[in-house]
Amino acid sequence: MEDDLPTEYDVIVVGTGMTESIVAAAASRIGKKVLHLDSNEYYGGLWASFNFEGLQKWMEDCRKPAKSSQEGEVTASTKEVEKLIKAGNQFSTVFNIEEKWYIVEELAESEEGQSVSKITQTDGEEQGKGGGDVDDAKKAEDDETEKNEAEEKPDAGDGKDVVTSAPTKQWSQAKVKKEYRKFNLDLAPKLLFARGSLVELLISSNIARYAEFRSVTRVLTWLDGRLEPVPCSRADVFATHHVTVVEKRMLMKLLTMCMEYENSSKDFEGYEDKPFIEYLKSKKLTPNLLHYVLFAIAMATDATPCMEGVARTQRFLNSLGRYGNTPFLWPMYGSGEIPQCFCRLCAVFGGLYHLKRAAEALIVSEVDSKTTCQGIVSGGQRLETEHLVLGVGYAPPDFLQTAPPGGLSRGIFITDRSILPADKESLTLLQFPPVDGVSEPVTVIEVGPSTNACPPGMYVVHMTCKQQKTAREDLQAVVENLLHMEFSDGTVTRIDTDTQSTQTASPKKHSQDGEGGEEGEEEERKEKNDSVSALKPQVLWSLFFNCPETSECDLTANVPANVFLCSGPDLDLDFEFAVKQAKEIFTKMYPDSEFLPRAPDPEEIVLEGEEGTPGPTFEGDTGKPDAEGEDDENKTEAGNGEEDAGDQGNSEGAAAE
Amino acid sequence: MPQDAVLAFERLKSEISDSVVTTIEDNIPFTVETDASDFVIEATGTLSQLGRPGSTMANRSGAQRPNGTQGKICQFKLVLLGESAVGKSSLVLRFVKGQFHEYQESTIGAAFLTQTVCLDDTTVKFEIWDTAGQERYHSLAPMYYRGAQAAIVVYDITNQDTFGRAKTWVKELQRQASPNIVIALAGNKADLANKRMVEYDEAQGYAEENGLLFMETSAKTAMNVNDIFLAIGSPVFIDFIIFFSLIHSPYLPPDEQVTGLQTSFSDTKLRWPDVLPSLN
C-alpha cells in the first residue's frame with residue numbers, strides 16, 4: 001500500500017517542525033543517513049504557514065477525532081526483548097478553534113455594480129477602469145493578477161472623491177476565497193533578531209540562500225490609548241514628537257548604560273534582585289521613556305528582573321543597524337518557510353523525505369534496565385535507527401511526565417487596512433503592554449502584501465500571548481483596541497477615508513497619485529482628530545486557537561537515551577529556543593562533529609570527472625570558471641564589502657577596524 | 001563584549017536607511033568580515049544597482065563583460081520538476097557543464113547550479129534548482145518553487161507514467177507557484193526513440209492546450225538542451241527589461257536607490273506580477 005523505504009538509518013526524524021528540521025539538516029550535513037517523516041501532507045507541523053485554502057483544511061483536520069490508524073493494533077516483527085510503544089497523536093493538541101467572517105458571503109451583482117457606478121459618477125476619469133472591475137470580477141481565476149490591478153484603481157480614485165458616500169473596496173467571502181493562494185498565514189509567526197542565533201546559523205551554514213527576508217519597518221507601542229512608533233534609529237528619535245530633547249539625551253544615556261553593562265555594573269548595584277522597572281525608575285525617566293524602554297525595547301513587564309531586562313535591552317540594541325531600521329527580519333512567505341529551508345539542506349545532502357507518513361509505533365528494547373529505541377514501525381515497515389528525533393506531538397504519552405504547563409493563545413486577522421496607516425506599506429511589530437484591560441503582554445505582528453502574506457488591499461495581523469483562558473478571551477482586549485471586529489455588510493459605511501488606498505497602493509502608484517495622496521493624508525489627519533476609532537481596520541475574517549507551549553516541558557525524563565524530543569512553537573519572538581534545542585540534541589548525538597558547517601556555493605562544487613570541458617557558450621559569454629581559486633573570490637567579496645560599508649558612510653566602516 | 005557593545009551602540013546612533021528586502025546571503029554577496037567580531041554584512045545585488053550601469057554592483061566571474069564594462073545583471077530562478085530518474089540532473093549538467101554521465105548519481109551537496117548568459121549589456125544568471133530527491137515520495141517542499149520565474153517539467157519519453165506525473169506537476173505549479181511562471185515541458189531521453197512510449201504529438205498537443213513550451217531533449221546527445229533553457233529564459237528576460245524600464249524610477253524612492261544595501265533583486269522578481277500593470 002505505502003511506498004517501501006530503505007530500512008536502516010543513522011537518524012530518523014519524525015515531524016518537520018523547526019527543531020526537528022534543524023537536527024535533520026545538521027545530521028545529514030555531516031554525512032549521516034537521515035529519514036525525515038511527517039504524518040501531514042505539509043511541512044512544519046505547528047510551525048507551518050498556509051494559504052487560505054490550506055488553513056481551512058488544517059482546521060478541518062484539527063477538528064477531526066484522532067485518526068483510526070492510531071487506535072488500531074500495530075503489528076510488526078519484534079525481537080524478544082522488544083516492545084512496541086504507540087506514537088502520540090499531534091492533532092489532539094490544538095483546541096478552542098474559532099473561525100469567523102465579518103463580511104457578506106457574496107456581493108450581489110447589482111451591489112457590486114452600484115459601488116462601481118458611484119465611483120464613476122464622482123470621477124469620470126475612472127469610468128473605464130471601474131467598468132473593467134465588473135468585467136474582471138467575472139473572469140476566470142487565471143486572470144487574477146490583472147483583476148487585482150483593475151480593482152485597485154477605483155480605490156486609488158477614491159482619494160480624489162468625496163469619499164463619505166462611496167465605500168472603499170468591498171470584500172466578500174467569495175472574493176477573499178478566490179484569492180486563496182495569495183495568502184501565507186502562519187500558525188507560529190516569528191521574527192528574526194538581525195543578530196539572533198538563527199540569522200547567524202543561516203549565514204554560517206549557507207542556508208540563508210534558500211530564503212528571503214524583509215526587514216520589519218517599524219516598532220510600535222501602545223501609549224496613552226494610541227499607537228506610537230518606538231524610536232529605533234536616530235532618525236526615528238528625531239522624528240518622534242513624543243520625546244523632548246532632554247528625554248532624547250536621557251534615553252541615549254540609559255541605553256548606553258545597558259549596552260555597556262559589563263563596564264558599568266556599579267550602576268546596577270543593588271538592583272540584581274529587583275525588577276527592571278525599579279532600575280528604570282531610579283534613573284528618573286519620564287513616564288514616556290519608561291514605557292518605551294520597558295515595554296517596547298526590552299519587551300518586558302513590570303515583573304521582569306533587572307538583569308533580564310538589561311539582557312533583553314541588549315538583545316534589541318545589538319541587532320540594530322544590521323539589516324534595516326529595526327532589529328528584526330521577517331521571512332518572505334512566512335515563518336513556515338524556515339523549517340523547509342533546513343529540510344532542503346538535509347535533502348541536498350542525501351536525506352530522505354516522506355510526508356504523509358507517520359510512525360505508528362516505536363520499537364523499544366530493554367536490556368539490563370536500560371531502554372533503547374531500536375527503530376520505528378511506519379507503514380507496516382520496521383525501520384531501524386541509531387537515533388530517533390521526535391516532535392513532541394508524536395511522542396508516546398508515557399514519554400512526557402506532565403502535561404504541558406502552559407499554552408499559547410493565537411489570533412489571526414485579515415483586515416482591510418493597516419493598524420496605523422503610513423504612506424507606504426509597513427511591516428510592524430507591536431508589543432502590546434499589559435495595560436488598558438490587557439493582562440498579559442501580546443505580541444502583534446502586522447504583515448502586508450509585500451511579504452506575500454496576503455493579496456493587495458489587505459493586511460494580516462497576528463497576535464500571540466500566553467494562554468490564560470481561551471485565545472479569544474485572552475486577545476479580546478487588544479482586538480478591541482486595535483481592530484473593528486464586527487460584521488459589516490458594506491451598507492453601513494464607517495467613516496471611510498482613502499487611507500486604505502494610500503496605504504495599500506504601491507509606492508509607485510502613490511507617487512503618480514501624489515496629489516490624491518496628500519489630500520488623503522490631510523483628510524486622514526482630520527479624521528484622526530474627529531474619531532480615532534473610525535480608522536480602525538475592518539476585520540474581514542478572524543481565527544483564534546490555542547496550542548500547547550512545550551518549551552518548558554521536561555522532554556528527557558522518561559525517554560530512552562537515544563530518543564530526543566523537540567518542542568513545539570514557544571512564546572518568544574525569535575526562533576532562538578529551537579536553534580538552541582537543536583544544537584543540544586545534535587551535540588548529544590554527535591559530540592565531536594561540527595554543527596551545520598557551511599555548505600558549498602554552487603560555484604565551488606566540482607563534479608566528479610570534471611575536466612575543462614566548457615559549458616555551452618553564448619554570444620559574449622566569458623565562460624564561467626566554475627572552480628576558480630576561492631581565494632580570489634573571497635578577495636573580491638571583501639573588496640566589495642568594504643566599498644559597501646563605505647557607501648553607508650557611517651559607523652559600519654569604523655566598526656570594521 | 002564591551003567593544004561589541006560600543007560598536008552596537010554606534011549602530012544605534014547611526015542612521016541606516018530603510019531596507020526593503022534582505023537576502024541574508026546570496027550568490028552575489030558583498031561581504032565584510034572582520035576577524036575581531038561577528039560583524040558581517042551581506043546583501044545581494046540591488047535593484048538600484050542593476051538600474052545604474054557602472055555602479056558598484058558585484059561582478060564576479062561570469063558577470064564581467066569581455067570589454068570590461070559592466071551591465072545589468074538579471075538573476076532568475078528556474079526549477080526542475082519531474083519523476084525520479086527522468087533525467088533532470090542530467091539536463092542541468094549538460095546545460096551548465098556540457099557533460100553527460102551514463103550512470104549519474106544523485107548530486108550530493110549541490111543545492112543548485114548557476115549558468116550565466118550574456119546578452120547585449122545584460123547578464124542573465126540562471127539559478128537552476130534541482131529537487132534533491134525530495135520529489136521521490138511526493139514530498140517536495142513548496143519553498144522549492146517559491147519565486148521561481150520558470151520551471152522545466154521533465155518526463156521520460158520511454159515511460160508513460162512519468163508523463164502522467166509531469167501533468168500533475170504542471171497542475172501543481174499552476175495552482176501553487178507564481179501566476180506568471182513560464183513552464184516548459186521536456187520529453188527527455190529522446191535518443192532512446194526506439195523505446196518510445198509517449199508520442200511526440202500527444203505531448204505537443206498537451207503542451208499547446210496548457211500554454212507550455214515543449215521540446216524533446218536528450219541530455220546524452222545534447223539535443224535541444226541549450227535550446228530549451230534559452231527558450232524558457234527569453235520571454236522572461238524580455239519581460240524583465242520592460243519591467244525595469246517601466247518600474248525603475250517610480251518604484252524606489254531615492255534614498256533606497258543609493259543605499260546599495262539589501263534591496264534584493266530577486267524580491268522584485270517575486271513581486272512583479274502583482275505590481276506591474278498588464279504588459280500587453
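These legends describe close-up views of a predicted model.

**View 1. An edge-to-face ring pair joins A:Trp58 and A:Phe545.** The two ring centres lie 5.2 Å apart. A:Trp58 belongs to helix α2 of chain A, which covers residues 52–63. A:Phe545 belongs to strand β20 of chain A, residues 539–549. The pair therefore ties together parts that are 487 residues apart in sequence. Both A:Trp58 and A:Phe545 are buried.

**View 2. A:Phe413 and A:Phe544 form an edge-to-face pair.** Here the centre-to-centre distance is 5.4 Å. The angle between the planes is 80°. A:Phe413 sits in strand β16 of chain A, residues 406–415. A:Phe544 sits in strand β20 of chain A. Because of these positions, the contact ties together parts that are 131 residues apart in sequence. A:Phe413 is buried, as is A:Phe544.

**View 3. Ring pairs build a cluster in chain A.** Its members are A:Tyr42, A:Phe50, A:Trp58 and A:Phe545. Over all chains, the structure holds 24 aromatic pairs.

**View 4. A lysine lies over the face of a tyrosine in chain A.** The lysine is A:Lys274 and the tyrosine is A:Tyr271. A:Lys274 is placed 5.5 Å from the ring centre.

**View 5. Chain B shows a lysine over a tyrosine face.** B:Lys167 lies over the ring of B:Tyr206. The distance to the ring centre is 5.3 Å.

**View 6. A:Asn206 has a positive phi.** The angle is near 70°, and the residue is not a glycine. A:Asn206 is found in a loop of chain A. That loop runs between helix α8 (197–205) and strand β8 (213–215). The relative accessible area of A:Asn206 is 2%. Buried means under 20%, so A:Asn206 counts as buried.

**View 7. A:Lys356 is a non-glycine residue with a positive phi.** Its phi is about 50°. A:Lys356 occupies the loop between strands β12 (352–354) and β13 (361–367) of chain A. Its relative accessible area is 56%. Exposed means over 50%, so A:Lys356 counts as exposed.

Terms used
Residues are numbered from 1 along each chain as its sequence is written. Chains are lettered from A and ligands numbered from 1 in the order in which they are written. This is a predicted model: local features need pLDDT of at least 70, side-chain atom pairs count only at pLDDT 80 or more; totals for chains, interfaces and linings use all residues. Side-chain values use heavy atoms; hydrogens and water are left out. Rings of Phe, Tyr and Trp (its six-membered ring) pair if their centres lie within 6.5 Å; planes under 30 degrees apart count as stacked, over 60 as edge-to-face and the rest as tilted. Helices (H or I, at least four residues) and strands (E, at least two) are DSSP runs, numbered from the N terminus. Buried means under 20% relative accessible area, exposed over 50%, partly exposed in between (1.4 Å probe, protein chains only). A charge sits over a ring if NZ of Lys or CZ of Arg is within 6 Å of the ring centre and within 35 degrees of the ring normal.
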